[in-house]
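Trainee: I would like to go through this structure and ask what lies behind the words used for it. Please set each value against its cut-off.

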Amino acid sequence: MDFQVVVLAGGFSKTLVPLVSKEVPKVLLPVANRPVLSYVLELLEQNDLTNAIVVVEGESAALLISSWISSTFVDRLQVEVTAVPEDVGTAGALRAIDHRLTAKDILVLSGDLVSEIPPGAVAAAHRRHDAAVTAMLCSVPVSGPSESGSSGAKDKAKKAGRYNIIGLDPTKQFLLHIAAGAEMDKDIRVQKSILRAAGQMEIRADLMDAHMYAFKRSVLQEVLNQKENFQSLRRDVLPYLVRTQLRSELFINGAQPDENGSGMDAVQNSKVLLSQLLANASTPSFHEIYALDSAESAPISRKTHKCCVYIANKSKYCARLYSIQAFSDINRDIVGDASHISGYNFSNHNNIIHPSAVLGSKTTVGPHCMVGEGSQMGDKCSVKKSVIGRHCRIGSNVKIVNSVVMNHVSIGDGCSIQGSIICSNVQLQERAVLKDCQVGASFVVTAGSEYKGESLAKKEKQ
């Protein structure tokens, strides 16, 4: 299958401060103690897509990601890491590597995607319909900010704008409308020609754009070159292609409109083609009928392109790490109900305790938990629905609930941590209490202090 794979890895995402740092860009944040990018790369590997371009915003982030990929996927994948300027957006990132896109079709994935949905299924749907673009849609996650034990009251990234209002044709194969973010607060406006051609439209609010797209390369490059102000695939490129699908200005496969043809010839040819199409065993799309129907009083040259969808099965896990809340949710899921895609073997107690980890007397680690390599816990500790990283030192009488503790964290006696994220090299002195907090790398929480709904981080030197 002649597809070129591009993984958009972003950089140091501002929405994930203080989780990200100069040493940890977004896609190296841990999900069940391994970088979130590993889930996308292993998904590609499982689907025999072993060549990929990973696009990173910023030189320093690209160096960190390239180093990790080289050490982890050596002899497994052929990955080219390419740096582009920071804050160019997803469309800008693709525009910056335009000269490297050479295949007929381009498969684009977000580097923060955690999914078991095969990219090959999206590619096959794209080829089957000869589409300009095919977007993967998955069910909106049932977890979210309102759930108890969430990752903090100050998660500014918790917005409904990440979800979509989707309009589908009756066959649920073609995308008629998509709105996201601020557009969701406006009235739904659909091109009359699209609605008339499709016959009817089903409005869905239970699906989200999973940031896995198949593009016809010629279409993608033409849009990126013509629309230099487009920054986002989700907010700019995809809605534009949907809006213009029945009045396409794109030269699909390089085909130019015939300026010299006879009007009567066009009418005759369209009628013949339409009759052949309707007589065909397969059901034609509304695009094809619309393009060939010349029953108008004057002949019209109609140019269309198809915007398709692949709707993932509800039983398949699919989520994106785009916010602090999503970070907590995905970590909980991958050691919980979605543990089958974690790559780990869980114990009979439905948890993972690394063989080198040391647990003190009367310390309990409940189901849906993970304790990483070399970590040590004192006596009478309790861990529930949490992930503890590698080489952590945890004192006695410590309670950790619904939390993520990264690597090399020191936690003193009598500490209580609930619904929080503790980044690497943090020191919590004895009897510290955290609820719904995020603590940035190397921060020191002083003895006996209590925080609720706070974001704690060291001030970075300029």
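Mentor: Start with pairing: two strands pair if DSSP finds at least two bridges between them. Keep in mind that this is a predicted model.

Trainee: What makes strand E6 and strand E12 a pair?

Mentor: Five bridges join E6 (residues 105-110) to E12 (residues 207-216). The definition asks for at least two, so E6 and E12 count as paired, and they run antiparallel. Among the bridge partners, Ile106 has Phe215 in E12, and Leu107 has Ala214.

Trainee: Which other strand pairs with E12, and over how many bridges?

Mentor: E8 and E12 pair over six bridges, in the antiparallel sense. In that pairing, Val133 stands opposite Phe215 of E12.

Trainee: Where do these strands sit in their sheet?

Mentor: The sheet is open and has seven strands, in the order E5-E4-E1-E6-E12-E8-E13, with mixed pairing.

Trainee: Why are E5 and E13 called edge strands?

Mentor: Strand E5 (78-84) and strand E13 (307-311) each have a single partner strand, so one side of each is left without a neighbour in the sheet. From one strand to the next, the twist averages 25°.

Trainee: Which helices pack on this sheet?

Mentor: Helix H3 (residues 89-96) is one of them, touching strand E1 (3-10), strand E4 (51-57), E5 and E6. The direction of H3 makes about 130° with that of E1. Helix H4 (residues 119-129) also packs on the sheet, touching E1, E6, strand E8 (133-139), E12 and E13. The direction of H4 makes about 60° with that of E12.

Trainee: What is E12 called, mostly covered or mostly open, and on what count?

Mentor: Mostly covered: ten of its ten residues are buried. His211 has its place in this strand.

Trainee: How do you know whether His211 is buried or exposed?

Mentor: The relative accessible area of His211 is 10%. The cut-off for buried is under 20%, so His211 is buried. Leaving aside neighbours within four places in sequence, His211 is in contact with Val108, Leu109, Ser110, Arg234 and Arg320.

Trainee: Which residues of H3 are buried, and what do they pack against?

Mentor: Ala91, Gly92, Ala93 and Leu94 are buried in H3. The buried residues of H3 pack against E1, E4, E5, E6, helix H6 (217-226) and helix H7 (233-243).

Trainee: Why are H6 and H7 called roughly perpendicular?

Mentor: The two helices pack at an angle of about 110°, and their axes are 11 Å apart. Angles of 65 to 115 degrees count as roughly perpendicular, so that is the term for H6 and H7. H6 passes H7 in a right-handed crossing. On the H6 side, Val219, Leu220, Val223 and Leu224 make the contact; on the H7 side, Leu233, Val237, Tyr240 and Leu241 do.

Trainee: What is the pairing in the sheet that runs from E15 to E33?

Mentor: Parallel: seven strands form an open sheet in the order E15-E18-E21-E24-E27-E30-E33. At its edges are strand E15 (352-353) and strand E33 (455-456), each pairing on one side only.

Trainee: How do you know that E24 and E27 pair?

Mentor: Two bridges are found between E24 and strand E27 (residues 421-422), in the parallel sense. At least two are required, so the pair qualifies. In E27, Ile421 is the bridge partner of Val404.

Trainee: What makes Asn402 partly exposed?

Mentor: Its relative accessible area is 25%. Buried needs under 20% and exposed needs over 50%, so Asn402 falls in between and is partly exposed. Asn402 lies in the loop between strand E23 (399-401) and strand E24 (404-405).

Trainee: What are the totals for the protein chain?

Mentor: The secondary structure comes to ten helices and 33 strands. Of the 462 residues, 51% are buried. The accessible surface comes to about 21400 Å², and 48% of that belongs to carbon and sulfur atoms. Among contacts between residues at least 6 apart in sequence, 56% join residues at least 24 apart.

Key: Residues are numbered from 1 along each chain as its sequence is written. This is a predicted model: local features need pLDDT of at least 70, side-chain atom pairs count only at pLDDT 80 or more; totals for chains, interfaces and linings use all residues. Side-chain values use heavy atoms; hydrogens and water are left out. Helices (H or I, at least four residues) and strands (E, at least two) are DSSP runs, numbered from the N terminus. Buried means under 20% relative accessible area, exposed over 50%, partly exposed in between (1.4 Å probe, protein chains only). Contact means heavy atoms within 4.5 Å. Accessible areas come from the Shrake-Rupley method with a 1.4 Å probe; for residues, only the protein chains shown count as cover. Axes are lines fitted to C-alpha atoms, for helices over the stretch in contact, and angles run from 0 to 180 degrees between N-to-C directions. Angles under 35 degrees count as roughly parallel, over 145 as roughly antiparallel, 65 to 115 as roughly perpendicular and the rest as oblique. A crossing is left-handed if the near helix is turned anticlockwise from the far one by less than a right angle, and right-handed if clockwise.
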